[in-house]
Amino acid sequence: MKAAVVVFPGSNCDRDLAVAFKAAGADVEMVWHKDSTLPQGIDIVGIPGGFSYGDYLRCGAIAAHSPICKSVAAHADRGGYVLGICNGFQVLTETGLLPGALLRNAGLKYICKTVGLKVETSQSDYTNGYNAGDVIDIPIAHHDGNYFADQTTIQQLHDDDRIAFTYTDNPNGAQDDIAGILSENRRVLGMMPHPERAADAGHGGTDGQALFRALAGALTTA
Amino acid sequence: MTEPAITDELIAAHGFTPDEYAEVNSILGRAPNYTEMGIFSAMWNEHCSYKSSKKWLRTLPTEGPQVICGPGENAGVVDIGDGQALVFKMESHNHPSYIEPYQGAATGVGGILRDVFTMGARPIASMNALSFGRPEHPKTRQLVHGVVAGVGGYGNCFGVPCAGGEVRFDAAYDGNCLVNAFAAGLADADKIFYSAASGVGMPVVYLGAKTGRDGVGGATMASAEFDDTIEEKRPTVQVGDPFTEKRLMEATLELMGTGAVISIQDMGAAGLTCSAVEMGDKGGLGVKLTLEDVPQREENMTAYEMMLSESQERMLMVLKPELEAEARAVFEKWDLDFAIVGETIAEDRFLILHHGEVKADLPLSKLASTAPEYDRPWEETPPAAPLDLSFQIDPIEGLKGLIGDPNYAHKGWVFEQYDTMVMGDTNRTPGLGAGIMRVHGTDKAIAFTSDVTPRYVKANPFEGGKQAVAEAYRNLTAVGAKPLATTDNMNFGNPEKPAIMGQFVGAIKGIGAAVSALNMPIVSGNVSLYNETDGTAILPTPTIGAVGLIDHPAHIIGDAVREGHVALVVGHTTGHLGQSALLAQVRPDDAQGDAPHVDLEAEKAHGDFIRANRSSIAACTDLSDGGLALAAFELAEKSGLGVTLDTEDTARLFGEDQARYLIGCSAEQAEELRAAARVADVHVEIAGSFGGDTVTFGSASAPLADLSAIYRSTFADTFA
C-alpha cells in the first residue's frame, strides 16, 4: 500500500495518520497543499484532521480550492481511494467528493472524547475487518461534526448501504447518527471520528486498527 | 505627528511612581520623550521587571544535574536522557482573561506555546490552571464558558494535546479570575535556541503576523489593580490567531534547521521593545530598528504604538546574513511575514528610527538592567488558632456535598472541550491525577501535573507553598514517574501591602524548601501580582506545574481497580481537618484552622516506596482535597466499581494529612507491599476494598450509580 497524506498549513493530525498507515505496512509520503500533483503510484490519499487553513470560514471550504485538492479529486475520479478524517471529512464534503455538510455541533461546543461507533456495513475495503453491527470505541475531536444532508441524499445513503459508521450515543446532532459515509464506488470514506487515534494500545486503544489493516489487505497487490 | 506632552497624569498612567520617573531622567540625563517613556514603562512594569518579587525569586533552588537551563530564558530546559530535552513553563494571563475571557485565555495559551517553540522545542503538552469566583456569582458563568472555549479554541487549532490542569471556584476570585497556562515541548538537548544576540551588523528580522494596535500597554495594565473602569481596558487585550501560530511554529522550527538563526525571542508582553532589548542586552550589543520596515496591518501607526503593541504570533530573530535567502524561503512557504527591521550595533544604544526621525535613543543595557528592585515590607501571616474539630457527620452526606460542588465534581465538561489526543502519544488523558504523554518514537513518557491548594497558602503560606510542590510530587509519583523539575506561577494580590507580601515570601520559602527536599528544581516561572479588585485580594495562588519522567511503558502505574482489589493507604492518617474541603463545606462560617503540616522527608520516602514497588500496584492516586473518602470514590468510580472503607470516622475519611497515597491491588500484591513497607519503614494500612455497586463507609452506604450521577452531572448542571 502506498499512501499519501496531504498537509495543509493548519493540519495537525498529519503525522498521526502517517503513523497509523505505516503501522499497517504502508509506504507513506507527505504531500504539501501547494503541490498540484500526487506522487506516482499512490493507492490511497489520506486527508488528515486539523484546521486546514484556519477554518475561520466554513471548515474545509478554502482547502477544497487548494492545488492539491484538484489532484485528489482526479485521483478519486480514476477510482483511487481517499480517506478523510475529521477536517478531512469536511474537506471531502466541500470538494463534493462526498455529499452533505458538517454543521456546528448541536451543543455548540468542541468535544473531544471516546465514543461508541456502530459499524453499519462491512461492505467496503475500509470496514471489511469488522462485522456489521460491531460497536467499537473511537475518539472524536471536533467542533463541526454535525452531519447534515437533504432527505433524498440521506435516503440514498441508506439505500446504497453507504453509511459506514453511526454513533451509538449521538454527540453532535448528526442526522441519523451518521459518523462516516462512503462514496458511490465505496472507495472514498469520510468520517468525523479518528481511527488513527485508536490504533495503538498505548494511545486510545486498538479498535481503529482493523480499518487500516483492511485497507492494507485490499491495497497490497503483488 | 506630534507626540503628547509629558504631564504628571501621563507619567502616572504609565505606572511610574515619582521616584521611578526621576530615576528615568537621571539615567538619561534628560527627560524622556513620549516614545521613550512608553519603552521605559514597558520594561519597568511589574509584569516584565519582577521588581517586587526578584529579591525572593532568587532564593529558589534552580539547579540540579537534570537542569540544562534554569529561569531567565523563555522557558526552562531539563534533560530527559538520550540527548533529548523537555522545555517548559507556566505563565498567567489573568487580567486579560477577566476583561475579555475568550481572547484573554486564548492568547495566554498562544504566549506560552511561543515561549516553548522559540527555544527550538515542538510543543507536546499543555495544561491550564483556572481559578474562578463563586459559581453563583453573576460573572462566573460567562468567564467559565469564555475561558474554557478560549483555551480550547487556541490549543485545539494549534494542535497540542492538553495533559491536565485544575479548575477551582472561590469567592476570593469573584473580581479577578486566574488563567495559568502551561506548555511543554520536546527538543534535542544540543539544539536549544537562546535569546542572546551575537555579532555586530547582523540583521534583526521580524517574523510572523503583522503589527496592529492591539494590546498597546497590555503589560502595564496587567500590573495594576482592577476597579470599575475595567471595561475601558478591553482594547488592551490582544486577539489571537492560532492558525498563524501553528504556521509560525512550523516555520520557526524549519528555520532553525537551516542554521540561519543566531538568536531568537518571541514578542510577548511589550512585544518589540522587550524582545529587542533582551536580545541586545544578553549579547552585550546595541540594537537599531527602522520602524517603517515593520509589517503593519493598520495605517499611520506611531513609533509608540509599534514599540508597545502586543499583537500576537510574532518573533524577532538575529539572522546569519549569508543565509537570508534560505530563511526567507521558509517563511514564504508558510505565507508569513519576514522583514529585516534593523541590525545589531556595537554601541550600547537602543535606537529607534521612523522615517528617518529618531524616535528613541536610549542606553540599552541600562534599560534592561536598571529596572527598580524593591525590598517590599512584609508581615508574616499570623498562625491560625488551634481548633477542636471532633465532630462527626454522615460520611455519605459529606461525600455528596463534595462531589456536588464544582470544585470537586468531575471536570469532563471542561476537559472534553480540549483536544487531549492530538499528536498520537497520549497515554493518560486528564481527569484523575497526572496526564501522561509518550515521547514520540521512544520508550519514554512524560507525566504532567499542576497543583496548589490556595486555602492552605492563605492560612499558612509556608506550609501551603510546601504542599503545592508535595502534591505535584505525589501526582507524578502516583503514575510511576520520577519527578524532574518545576515551574511556578505565583498569583498574588498587591505586593505593596505587607500582609500580601508576607504571603508571597512565605509561599516562596515553602516552595523552595520542598523543591530542594524533593529534588525538583524550579526552571521557569512567572509572577502575577496586583490580583485585586477594589482592594480585595485573591487567595494566594502559587500554581506549581511539574513534570516527571517515565523511562519505560511498563513503569507506568495504572488507574484501574478491579472487583476484590484491596484499598491500601500509604502514610499516616491522623485526621487533620483544618482547612479541609469538608470543613469548608459543613462549617463555612467557622474558623477553618491551620493547613496540614507537610513532612518533606515522609513525602520523599513514600514517593520512593511507590516507585520501588510499582509492580505490586494496580492503581494509585494521591490523597489531597477531600481526603481518603474522595480519593477512594474517584478511583473506584473511574473503573465503574463501588468501594467499601472500614471506617465512618469523619476525620479519618475526610482529613487531609499529607504524604499519603491510595493504592488498589490484589490481596497478594497487598502482602508484598506490606512486607516491603516493613523493610522500608513506611506506614501502610488496609483501609477496605474495591468492588460491588455501592459506596460504603462503615455503616453508611449509597448506590454507586446515584453518587456517580451527582459527580458527573454537577459541573454541566451548574454552568450549562
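This is a predicted model: local features need pLDDT of at least 70, side-chain atom pairs count only at pLDDT 80 or more; totals for chains, interfaces and linings use all residues.
Two strands count as paired if DSSP finds at least two bridges between them; strands (E, at least two residues) and helices (H or I, at least four) are DSSP runs, numbered from the N terminus. B:Val695 has B:Ala702 of strand 28 of chain B opposite. Two residues lie between the strands of this hairpin, and B:Gly698 adopts a positive phi near 60°.

Strand 27 (residues 694-697) of chain B also pairs with strand 24 (residues 643-645) of chain B, in the parallel sense and over three bridges. Here B:Leu645 faces B:Phe697 of strand 27 of chain B.

## Helices 10 and 13 of chain B

Helix 10 (residues 242-257) and helix 13 (residues 324-333) of chain B have axes that come within 9 Å and cross at roughly 160°. Axes are lines fitted to C-alpha atoms, for helices over the stretch in contact, and angles run from 0 to 180 degrees between N-to-C directions. The crossing angle therefore makes helix 10 of chain B roughly antiparallel to helix 13 of chain B, a term for angles over 145 degrees. The crossing is right-handed, meaning that the near helix is turned clockwise from the far one by less than a right angle.

From helix 10 of chain B, B:Leu248, B:Ala251, B:Thr252, B:Glu254 and B:Leu255 meet B:Ala327, B:Val330, B:Phe331 and B:Lys333 of helix 13 of chain B, contact being heavy atoms within 4.5 Å. Six of the residues in this contact are nonpolar, one is polar and two are charged. Ala, Val, Leu, Ile, Met, Phe, Trp, Tyr, Cys and Pro count as nonpolar, Asp, Glu, Lys and Arg as charged, and the others, Gly among them, as polar.

## The sheet of chain A

An open sheet of nine strands in chain A has the order 2-1-3-4-11-10-9-6-7, with mixed pairing. Strand 2 (27-32) and strand 7 (135-142) of chain A are its edges, each pairing on one side only. Direction ignored, neighbouring strands are turned by 20° against each other on average.

Six bridges link strand 1 (residues 2-7) of chain A to strand 2 of chain A in the parallel sense, and A:Val7 has A:Trp32 as its bridge partner.

## Basis

Residues are numbered from 1 along each chain as its sequence is written, and chains are lettered from A in the order in which they are written. Local features need pLDDT of at least 70, side-chain atom pairs count only at pLDDT 80 or more, and totals for chains, interfaces and linings use all residues, while side-chain values use heavy atoms, without hydrogens and water.

Technical notes
Angles under 35 degrees count as roughly parallel, over 145 as roughly antiparallel, 65 to 115 as roughly perpendicular and the rest as oblique.
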